[in-house]
Each structure stands twice: as C-alpha cells, then as structure tokens.
Amino acid sequence: MNRRDFIVKSLYAAGGGVAVALSSSAVAAAGQRMLLSGEKGGDSFTLFRNPPAGYRPFVRWWWNGNKVQPGELIRELRLLKDAGIGGVEINPVKFPEHTDDLGAKALTWLSDEWIDALKAALDEAKQLGMTCDLIVGSGWPFGGKFLKDEERAQIMVIGVKKLEGPMLYETSVFALLKDADPRISASYSGRLPHLLSLRLAPDPMGSLSEETDLSGLLKEGREVLQIRIPKGKHALYSLVRIDAFGEVINGAPGADGPTLNHFDREAVTKYLNHMSSAIEGRIGPLSGYLRALFTDSMELEGANWTGDMAEAFARRRGYDVMPYLPYLMFKTEGMGNVSDYNYGVGMSPEFRDMIERMRFDMETTKAELLLERFTGTYVEWCHGLNVKSRAQAYGRGFFPLETSMAHDIPEGESWTTNYLQHRIGEEMSNEDYRRGRSYTMVNKYVSSAAHLAGKRLVSAEEMTNTYRVFNMTLEFLKIGCDMNAIAGITHSVFHGFNYSPAEAPFPGWIRYGAYYNEKNNWWPYFKYFNDYRARVSSMLQNADMYADIAILPPVNDMWTTIGMQNEPFPSAITAPYTSLLWEAMHKTGNGADYVSESILIHSTVEKGWLRYGGRKYSSLFLIETERMYPATLAKLYDFVASGGRVLCVEKYPAKSLGWKDHERNDREVGEWMQKLRAFPDRFALLTKPEDNDFMAWYPAVQQKYRLTPFVAIENPHPYVMANRYIRDDGSEFFFFINAHLHREHQTIVRFPKQITARRYGWVWNPEDGKRYRIYLDKSGAFPLYLGPADSRIIVFDGTAEPGEAWKPLPVSGANSRTLDGWDVELRHSGKDFTEKTHFFVLDDLKNTPYIDFTGTVVYARKFYLDTLPAHTAVLNLGKVWGVAEVKVNGKECGVSWYGNRLYNLSGKLKTGENELEVKVITTMGNYVQTLKGENKIAEKWTARPGRAPQPKQSMGMAGPVTLYETEGN
C-alpha cells in the first residue's frame, strides 16, 4: 500500500455506491498521534496547574501585505508570549484598505527576503518556547500568478433563458457566456469562458429525448445565433466551462492571482513542492521549525471541474453524465451558493428522480476526487516534510466528516457573529440553529471526525470577528470558547493578531479580528483568559469525549436534492434543526457524535453496540434520511437485531442512492426496511417537535427508549450544557458550562455509581489551577451552581489526599448593605485625559453622558465598620461590563473578568473607615465610532458605511454593589 492509500482509501459498497472511509491502518496510526501538542507526559494535575505552551491558545498572525520586518516580528512574538499565547499560525494576507503602511516594503511570498523574515520569526519563536504553524499560500483558496493553464481552477456553469414560442430568438455567444458567468466573490481578470453546448428543452420536461441539441450552431463559428423556438414554453440551456475563473481572496504579494485547481493532483503536488522547496532550500528542513502546515477553509467559490472529470465520473459511476449535466445544475453565485433553485425547466416526477440521483453521483465523485487528489496529496506532502497536517477540511465539495478524519489536526471555526449578527450569550434560538451559537454547524462534524479517527487535538479558528471589532470582551470570548468545547473543540487559534508596527497610527493595521492588540484596553488582562483556556485545553486534549449515541445527518439526501453546500455557512440545508438535537442531548446528560454512511458500513456490531475504531454507540438517530445505501441498511439490521436502537426522525429510508442499478437497489432498501420493522421497540419513527424545542422534546424520548444519561440533570436549562470525558487511566471528568451572559442557574446533578464508586470527587478550577474536594450524597447528587458565563470541571479519580473543600463565594449573605455614592474618575485611553465626577447611583455608562468613553473607570468610596464581620466578608460588584480590579485599604483583592464579580475581603477590612477602589476596564467601540470621518479604519469597523453601525455597548459598573458576610466559615 503506498503512502496516499495509507491515508485515504475508497471502498465500494454494495449496490454500486461508493463509501469513503479511512483505512483501518490509518485509524490505528492516528490513534498513536493523539497528543499532537507535543506535551505528553506528567500527571494530569501537574499539567493542569502549569500547562505547557502547546495547550495555550495560538493566534492567527496576519502578516499584512507581507510588509514585515524581522525586528517587529520579534517584538510581536514577545508581546504575545507575555500575554499567555502559546503559538502562532503565520498567515500572509493582503494589506488592509485605508491603512497607512508607513512606507514599509512588501516582501514577495517565497522570495529570499520573505524567507529570511520567516526564519527570524521561527528562530525567535523557538527561543521563546512557542509553536509555529504556517499557512499554505496566502488568502483563500490559495493560488498564484505563476499557475499555468490546467493548474488553475475551473468551474462548469449553466445559463438558462426562458422562452415561449412560436418565435425566432436571436442571441449571441457573448450574451450566452455573460448570462452563465457566476457573480462570485473574487473573479480573476484573466478567466477564459468556453461555451460547450446549447440545448433547447420543453418546460416542463419528461425525458432527455425531448430536448433539441443546438450545439451544432456553435461549430459554425457564428457570433450571432438565430434559433427557431417551437410553440409552447421552452428553456435554452448553455453549458459553459470557465477556466481560471476565480482569484485568491485577500492574497498577499507573490501568492495572489488565480486559484489552484484542487481537483488536479499534479497541479496540487507542484504547488506544494514549489512552496516547500523554496523555503527548505534557504533555511533547511521545515520540521526543525514548524509543528504543522495549515490550509484554511476550502471556499472554492463553486469550483467543480477538471480536465478528466467526465472520464473519472464514468469510471466510478458506470455511465456518462455529460448528456444530463446541464439539468443537474442550478444557477450559482458567490461561494458557489445557489441563487435560484427554479432556474431551469420543470420536470416530471420520474425525470426529476433520475436527475436527483445523478446529482448525488456527481457530488460524490467531486468529493472523492478532492479527498484523493487534494487532501491525500496534502497530507502525504506534510508527512514527507515530517510535519503535521492541520486543515479546515470543509467548504463546498468535501465530505464533511471523512475529509477531517484524514488530517493530523482537524480544525473547525467559530464566529462572534455571522451575517445574522446573533447575540451569543443572550439567545438560544429554536427557529434558527445559528442564532446564539459561537460554534458553526461544521464543528460537530470536525470533532466527530477526530473522535472516530482517534485524535484528541481538535483546533478551531475561534471567535472570528467581522462585526464586534473593538467591542470584544474577555467574558464574551469565554462564552464562545466554552460553547466550542461542548461542540468538541479542544484547542483555540484566535482570529487573529495583526502584524502592526508599534508606531502605526491608532488603531493600527487591521485586516480582521477582535482587536487583539497592545493598544486594546484589556490587553494587560488577556493573560487571565489565556491561563483559563490553557488549563481547560490541557484537560480536553488528554481524554476522550464520551458519546454513546450516533447521529446521521441527511447529507446524502441534501446532495441529492439541493446539492453540496458551502460549510460552515450553507445557504440552504436539509433538516436545519440537526444541531438542535445534539445540543438537547448534551443539555440532558447524553453525548453524541455525527457519523456518515461510510462510517456505518465500515463499523462492526457487537452485542447491541455499533463500533468504529475506539468509538461505540448503543443508539443511532437518522435525521430525515429518505435515501440510503442497501449496505448501510444491512448493517443497521445487524445492529438492531443484536439489541441496538435506530430512531428515525420524520422519515423512514425508502430509496437508494445514485442512478446505476437503482431499481435493484431500491428493492433491496425495501427488503431491509421490512426486516427492520420487525423490531418496533428498537427501530422506530419519531416526529420532531413542531416548534423545534428539542430540549423539551428529548427527555421523553430519552426515557421511552432507555437512552441512559451519563449524568442526571434536574431542570435542564437551554444555556447549560455538559460533556463527559474518560482519561487513559480510567478516571473521568465532566465539563459543565452556562452560556448565558447575564443569568445564573442552580440545579442538582446526579452521577451514577459506575463513575463515582471507589473514586473521589473534585472541582478543578481553571482560573487558579487549584483543586477542591466535593462530596456527594448517597444518591450521587451534587448541587451545581453556575453563575453567568460560568463553567465547572468536576473530576472523579483515585486521588485520596486531603484537600480544601469546594466552597464558592455566595452571591448574597447576612448583614448585607448596598454601597451607593461613588467618586468616579474616567481615565480616557483614546484622548489621554482624565475626568472626575460623582455617581449617586451606579449606572451603565451607555445611559450617561459618558457613552462614548473608553479606558479605565475608577470608582472610589469609603465605608465604616463598627466591628469586623464574624464570618467571611464578601464584596459583590453586581453587574459589571468589562474587567474589574478591586483594592480595599490599599490591598489588592484580585481581578474578575466574567460572570459574578465576587471578592473575599478576609484580612483586608478594619474597624472604622475603609477605602474601596474598583477599576473597570471598558471596551473601545463606542469611542471608536466617534472617529467617523477622520479615521477610515475606525469608520469601516464601527460606523460601517452602507450598513447598520455597531450598536452602542454597555460599559462600567452598573451594580448594585453589596457587602455581606457568609452564613458560616
């Protein structure tokens, strides 16, 4: 078996369909590479207390316009190191618009000067103990002006003109080409269109025999075409191939130009070798400097063709698709999204069924070619260089699960907001699966792929920000990253850190991002969040996330009816509630992975369990799955017959996939379905909730079908989710989160004896790196309190040593007094001046004349104590918008940056007069909005010309501030 086959293997399933899966040897090899952070060794708690750099968040480091200099690169690496960042992804990108470049020279990608600058950064990172990854090319998808002919991406598109005869229709080749040309995000100026065929079809259409092939007119070389249209409604179909159609989006100098043909193995190999040979020829083996090479999300703009596509299709599917190709396609636009599903003619049910089956075959063929020719080639190239392959292995044209399985470090992505501008931490919509979630729909595919391939390092481009620039808070970052952890992400790569010289005028060079910059007010406090995230990652990367339920999303049905979509932001999707189901499971004590038919076919069945690699599932949910390979149903029959459960949501499978031998395959599907229906208690049809409230719907399903939770959660809450993890030594831990920005939640959780027996319970606190003993009652119950944006790690292991008991500070107590009347000093970071005032009653600065403030607000007041509190004194700041730092009588009391702002004042109070000072560090967006007209960068990101401006943000300490004492010691 050669290296590529070691990575990827295509296996033909019964019935003529193709199922793609990792070979068993590849899964075994992946299992040996699970701890790719390079930090293996040491006991878990030591690792947790002081996580090495590999567990710390990384940043995407934009080399803006390649206008980089070694000295500045070194300065920025040290800045990141001091902030608690563990590594960088070096990412050359186009220079941002409306930005003063200070006369800096742009270095050409792969030039000697650029490679020398790269080496300076790599050397300094090594000195600092930081990890480096390097993106392939620049921008997305990668390419370059040096690409030749077939090395450039191709797209096949259609143009359709609706006509009604009888008439003589006159058009031109130019008009037909223009009509077919898709309005993509970045067209290449040198694109070459080819009009391949011209056909006239009746509307509606019942079979291919009804069309009239007019392609002969094209051979005559006439520019103006006259076409006689018969009586009735018709459509004129133009089939057009465009070579070099797309341009690299935001490509840096030297890596801009036409995009690469990812379907062409020779072109991919040549491109990759061009990059590695240039760098290694000057600095030596990349393995001495890099952990991984990286490819960004495959936003191929709808690229769907290559020179041998038709031949490859015929070899794999067993028939010629070209006569049918125009009818398989829709009208497309940017990112290959469909702009009109009714663009072509209407079809009879029989003809539509044929076309849909062929569409599935076409989509499958494209995905296979990308897996083999691009993904396999890329992974092989990385391993040949002795570095890891890291990739966002999705987009339009990829298997959403299997492609991620092929990579050493599969990666997802999360957004602070997408085009919906949803309110993370403030809503959790049932109507729209995207609203209120930081994770994108693809993250569950990516993490499930990692689980199935035996990998624990699952990274994410985290908190991608195109809307909340200058308004990101550490609290908001925490909620987003915690939600991603529930979706299976184990490592953060923040999006991102801009190369920006210290002398650049405010706000600096900004391509994208949440303004991770030394000029950001909260930058000195960034390390607190990075310490938290590093400790969480050290836990997640050294355990297996538990799941005993598998979910099959209706990907094959979607490919059949509406075609591939652009993950992670599909313009349409079949069963858009799919992610609501796995969320409901993780809110009620179960855990789930996504699977595919490929995974199911290559699973084994053992006493009611479905096994693949190290994963095993007792239950399987089929989401609106109408079409399925007979081989999959055969495996499901074995599973159900041995005691497993298959629950079909909304639909039973009724058809086979693909065109070849479909009648025989349909009969086999029917036969297997008849056999499965003999087990009504384990093979059942479920009706989804009408309002999509799966959290309310799922507990009844859980009880009826004995889907035993790994932890029983009283009064489940829409914002509270949990994962269970199992370590190599058999010990276990649970990660609970509250994703609400403002509300607390109190509940009781009960852990089963199989987890708690002969083990000790602990809370491991990722804020301070300490652990605290907890005690359960006889039923295994534990009172779980989660404040706003809070999280909790509960560990059960064999550590029997005494430990401090877990006693979190209460949010209220005895002898409470409210502290009103504050002297306030506003230290403006934007205008470098200080203003003093007095607040008789605390309020959100958004509701005061200081709405456009940015900087540090210092609240000060005195209070008197006749006697010291008999028990622990607690200061509760109430609602705070920003990072808070407290001093009492000149003594530091600590920093709080999310959730409840509680301070233990033991040993800091005195009888008589006490002095209290609270510093609150605010966001910058309200102030930056005021720079409209004088600062183009600020205007772009906050005033947002042509779009709605950023809403004004809350800031400061709104209170109420209370002082009280606990009921006991």
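Tutor: Arginine 357 and aspartate 353 are both buried. Buried means under 20% relative accessible area, exposed means over 50%, and partly exposed is in between (1.4 Å probe, protein chains only). The model is predicted: local features need pLDDT of at least 70, side-chain atom pairs count only at pLDDT 80 or more, and totals for chains, interfaces and linings use all residues. Residues are numbered from 1 along each chain as its sequence is written, and side-chain values use heavy atoms, leaving out hydrogens and water.

The side chains of arginine 357 and aspartate 353 meet in a salt bridge, at 2.9 Å from N to O. A salt bridge here is a side-chain nitrogen of Lys or Arg within 4 Å of a carboxyl oxygen of Asp or Glu. The two residues sit in helix α11, four residues apart, so about one helical turn separates them. Helices are DSSP runs (H or I, at least four residues), strands are DSSP runs too (E, at least two), and both are numbered from the N terminus.

This pair belongs to a total of 63 salt bridges in the structure. Glutamate 518 and arginine 75 form another, again 2.9 Å from N to O. That pair links distant parts of the chain, 443 residues apart. Glutamate 518 lies in the loop between β16 (491–498) and α15 (526–540), and arginine 75 lies in helix α4 (residues 70–82). Glutamate 518 is partly exposed, at 31% relative accessible area. Arginine 75 is partly exposed as well, at 26%.

Next comes glutamate 97, which bridges to lysine 94 with the closest N and O atoms 4.0 Å apart. Glutamate 97 is partly exposed, with a relative accessible area of 33%. Lysine 94 also counts as partly exposed, at 36%. Some salt bridges join up: Arg60, Glu89, Asp133, Arg291, Asp296, Arg390, Glu411 and Glu461 are linked in a network.

The structure holds 13 cavities of 30 Å³ or more. On a 1 Å grid over the protein atoms alone, a cavity is a set of points where a 1.4 Å probe fits but cannot get out; a pocket is an open set with protein on both sides within 12 Å along at least five of seven lines; lining residues have an atom within 4 Å of a point. Grid points are joined across faces, edges and corners, and a volume is the space filled by probe spheres set on the points.

The largest cavity holds about 370 Å³. Its lining has 23 residues, with Asn304, Met329, Thr332, Glu363 and Lys366 nearest the centre. β6 (154–172), α10 (325–328) and α11 (349–384) are the elements that give two or more residues to this lining. α11 gives the most, with four residues. The lining of the largest cavity divides into 13 nonpolar, six polar and four charged residues. Nonpolar covers Ala, Val, Leu, Ile, Met, Phe, Trp, Tyr, Cys and Pro; charged covers Asp, Glu, Lys and Arg; the others, Gly among them, are polar.

α15, β33 (791–797), β41 (891–896) and β42 (902–904) each give two or more residues to the lining of the largest pocket. α15 gives the most, with five. This lining splits into 18 nonpolar, 14 polar and 10 charged residues.

The second largest pocket has a volume of about 720 Å³. Of its 30 lining residues, Trp140, Glu299, Trp415, Thr466 and Tyr512 are closest to the centre. β3 (58–64), β4 (87–93), β14 (409–415), β15 (459–464) and α24 (936–943) each supply at least two residues of this lining. By type, the lining of the second largest pocket has 12 nonpolar, 10 polar and eight charged residues.

Four strands form an open antiparallel sheet in the order β34-β45-β38-β42. Two strands pair if DSSP finds at least two bridges between them. β34 (814–818) and β42 are the edge strands, each pairing on one side only. β34 and β45 (residues 962–965) pair over three bridges. Alanine 814 has glutamate 965 of β45 as its bridge partner.
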